[in-house]
Amino acid sequence: MLKGVPILPRGGGTPHSLKLMKESPEKYRNYMFLVPGMFFLLLFTYLPIMWSTWLSFNRWNLLSPQPKWCGVENFLKLWNHDVFWLVMKNSFFFVTVSIFPTMFLALVFAILIDERVKGRVYYIYSLFYPTLIPMAAAAMLWVYIYSPNLGVLNIVLSKFGLPKLGWLGSSQTSIWALIIMTFWKNLGFFMLIYLAGLQNVNRELYEAAYIDGAGWWRRHLAITFPLVGPTSLFVLIVAIILTFRVFDQIHLMTEGGPGNSSNVIVYYIYENGFKFFDWGIASALTTILVVILLFLTLLIFGLFGKRITYTAD
Amino acid sequence: MKPFIPKGGISMRKTCCSLVFILVAALLFSTPTWAEVQIKFYYPVGVAGPLVAVINGMVEQFEKENPGIDVEPVYAGNYNQTMQKVQTALLGGNPPDLAVVEISELYSLLQMNAMIPLDPYIEAEGGKEFLADFYEGFLGNAYGRDGKIYGIPFQRSTPILYWNKDMFRAAADKLKAAGLDPDRPPETWAELVKYAEILTIREGNQTKQYGLIIPGGWNDWIFEAFARQNGSQLIKEDGVTVTFNSPENLEALKLWVKLMQEMKVCPVLRPWNITPDDFIGGVTAMMYYSTGGMAKIRKTAKFEWGAAFQPKNKQYGTPVGGGDFHIFKGIPKANQDAAWKFIKFMTRPDIAGYWSIESGYVSVNKKSYELAEMQEFLKQFPQMTVARDQLKYAYPKMMAVNYQVIRNAMTTNLDAALEGKKTPEQALQAAHKMIEDAIKGK
């Protein structure tokens, strides 16, 4: 063992502060280990956040090429812009519609795989492989799947006598097309996390329930669902953040169209920053996104954090 | 799991040292020492097809002929992505030496004071004589408001009408009954509507074959062509006067809405990049598309097809499209000179001709068409001459500062009208106002 790796004061007679002072050289040494990590975190995360927050109060675009303080002008502009509200609506729609089915099915598949011994690896791989495909390749694949006349999806639909849809080319379906694709892409990832979470559930509980005569659904409703609570909390927060940040597939498949029907906040930031070259507006949008994500994370922790059962004792 | 603990200080130091050594060595060897000048060349690929390999081949050829210059071609994505990369590089103070961007971006680049005027180079090459080799239609988008020339045409196109001859023949009886010739494409808007109607095949409530596809995505560009055909335009050459809501434009948009919403002979907003596949796959009898898609169709279509001028209404007319070369400010003079050499090479008759054959773009150099190789090729594929001949009726594409905002306003409102969410009048009014605001920087 390396000397001086965390020896936390635990009770004992010496007053807390005194002990810390005695240990201070070692303590500093411990902090030193954090420096490289903190350095990059500051440089690439916290500083840019502060910089973009400052920029969101500046006018900075093609027509005024130097940042100029303008108060809340950018936010007001967004407030009065229809597209902004449409984008917010799309973002929340995307998140709410895609998260819960993803989480639920990920858990169900994880349970099924967990209970199955034969061919287990095969099932894991077949559900997990979409996560491994690069997003760019997956997006192009789905562009062809969604192709209205030649794509496999519409051909299958019409075999069942269902109407062919315009998918990416129609403002009614474009966001659904993206949600389905994102669902396919993320399911395996969350399934794997749930599968790991399930390994922490005490098997004896199932045996006890089985002896008590509980059926499959009952066992999982009463044991699995509550006990994967911590995992669900993690999955929920990661899923919210991931889905709020969806970008690649939108960029590659619809460019937010038709008529902004599939435009979501991160793509809108990108559009404003790198297509319209309005960095002030783009920064204001970034600030809004950060605030929303922060608020949602705190809200979820506040709501569920304390109620979650961490162990089965 | 056991934590990983390094055994001792020395081995750690050894690892670090060797890592640093490898890094330094890699840096040293990654730059070929023999090249005197290195230039970075950003280019987009705006149409379907494996054009990256073609560009790399041309760059190799150039390096062979100019041993002192090392060109690093950077494939930067589609037109939008390329402009963003250029933009980001400019902001980072590390401009590319040479880039091809979409022609409408010229004013935005000028606004950022990013490019050098090319007049001195052109003077040195013989001034007007040098420019005389280029098609005038393509040079219209190369000049800034100060009258200086900032771009040299490279991958240039116009939209044209592709038509599936087999499908026309299959419907010959019906076409003849309607007084139409099945051996030629429509020449006017009125004919276009008639042909499209007859060529649409329905089965129950499903459309098995469309008469026509006017794709989405770049429909602003094709709409500009319709505006020209009706004797109007979208933004005047000054880049400030917006004429979007003219009655002629309204008539054009109404025609589109009629084709898509009322007659349903043309699918609504078919995505741009899969439209050629629809044509190749026999989903549609006609399509409006860039000439840049021709190489792919030539190589993969298993039926007889033709290319034709876009039908006229009051007149034939089309905007040009594509990308120009630009040389940037803030780089050493030697690099600018090398970049100019590269431009000269790429627009030479034989090279521009080769590029045209491989990609389907129009060769920007008139002399390409005098080469035996090119003439032989055109004998086999007379479709390739259509875009060149259409240049007689070509106008410069609209240009303005904030072009991307304008384009977005156009596509958003066109999309809304074509999906029936706004009336054509509302859509044009809304776009008109948004574009005026964008130009004024509101």
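Q: Domain bounds come from an automatic or database domain assignment here. How is chain B divided?
A: Chain B has domain 1 (37-157 + 321-395) and domain 2 (159-319 + 402-440). The model is predicted, with local features needing pLDDT of at least 70 and side-chain atom pairs counting only at pLDDT 80 or more, while totals for chains, interfaces and linings use all residues. Residues are numbered from 1 along each chain as its sequence is written, with chains lettered from A and ligands numbered from 1 in the order in which they are written.

Q: OK. What distance separates the centres of the two domains of chain B?
A: 28 Å, taken over C-alpha atoms. The contact involves 25 residues of domain 1 of chain B and 24 residues of domain 2 of chain B, where contact means that C-beta atoms, placed from the backbone, lie within 7 Å.

Q: Which element gives the largest share on the domain 1 side?
A: α18(B), with 4 residues. Helices are DSSP runs of H or I with at least four residues and strands are runs of E with at least two, numbered from the N terminus. Elements that supply at least two residues to that side include α4, β4 (152-157) and α16 (349-359) of chain B.

Q: And by class, what's on that side?
A: 12 nonpolar, 11 polar and 2 charged residues. Ala, Val, Leu, Ile, Met, Phe, Trp, Tyr, Cys and Pro count as nonpolar, Asp, Glu, Lys and Arg as charged, and the others, Gly among them, as polar.

Q: Switching to sheets: what's the strand order in the one with 5 strands?
A: β2-β1-β3-β11-β4 of chain B, an open sheet with mixed pairing. Two strands pair if DSSP finds at least two bridges between them. β2 (69-75) and β4 of chain B are the edges with a single partner strand each, so one side of each has no neighbour in the sheet. From one strand to the next, the twist averages 20°.

Q: Which helices pack on that sheet?
A: Helix α2 (residues 51-65) of chain B touches β1 and β2 of chain B, and its direction makes about 170° with that of β2(B). Helix α15 (residues 333-346) of chain B touches β1, β2, β3, β4 and β11 of chain B, at about 55° to β1(B). Axes are lines fitted to C-alpha atoms, for helices over the stretch in contact, and angles run from 0 to 180 degrees between N-to-C directions.

Q: Is β3(B) enclosed or open to the outside, and why?
A: Strand β3 (residues 98-102) of chain B is largely enclosed by the rest of the structure, because 5 of its 5 residues are buried. A residue is buried if 20 or more other C-beta atoms lie within 10 Å of its own, exposed if 12 or fewer, and partly exposed in between, with C-beta atoms placed from the backbone.

Q: How does β3(B) pair with β1(B) and β11(B)?
A: Strand β1 (residues 37-43) of chain B runs parallel to β3(B), joined by 2 bridges, and Phe41(B) stands opposite Leu98(B). With strand β11 (residues 321-327) of chain B the pairing is antiparallel over 5 bridges, and there Glu102(B) stands opposite Gly323(B).

Q: What about the sheet of 3 strands?
A: Also open, with the order β8-β5-β9 in chain B and antiparallel pairing. β8 (286-290) and β9 (305-308) of chain B are the edge strands.

Q: New topic, helix α12(B). Which residues are buried?
A: In α12 (residues 247-262) of chain B they are Asn249(B), Ala252(B), Leu253(B), Trp256(B), Val257(B), Leu259(B) and Met260(B). They lie on the same side of α12(B), because they cover an arc of only 165° around the axis, taking directions from the helix axis to the C-beta atoms. On the face turned away are the exposed residues Pro247(B) and Glu262(B).

Q: What covers that buried side?
A: The cover includes α10 (189-199), α11 (219-229), α19 and α20 (424-440) of chain B. Just after α12(B), Lys264(B) has a positive phi of about 55°.

Q: Last one: how many residues meet between the chains?
A: 29 of chain B and 24 of chain A. On the chain B side, α19(B) gives the largest share, 6 residues. By class, that side has 11 nonpolar, 13 polar and 5 charged residues.

How values were computed
Contact = placed C-beta atoms within 7 Å.
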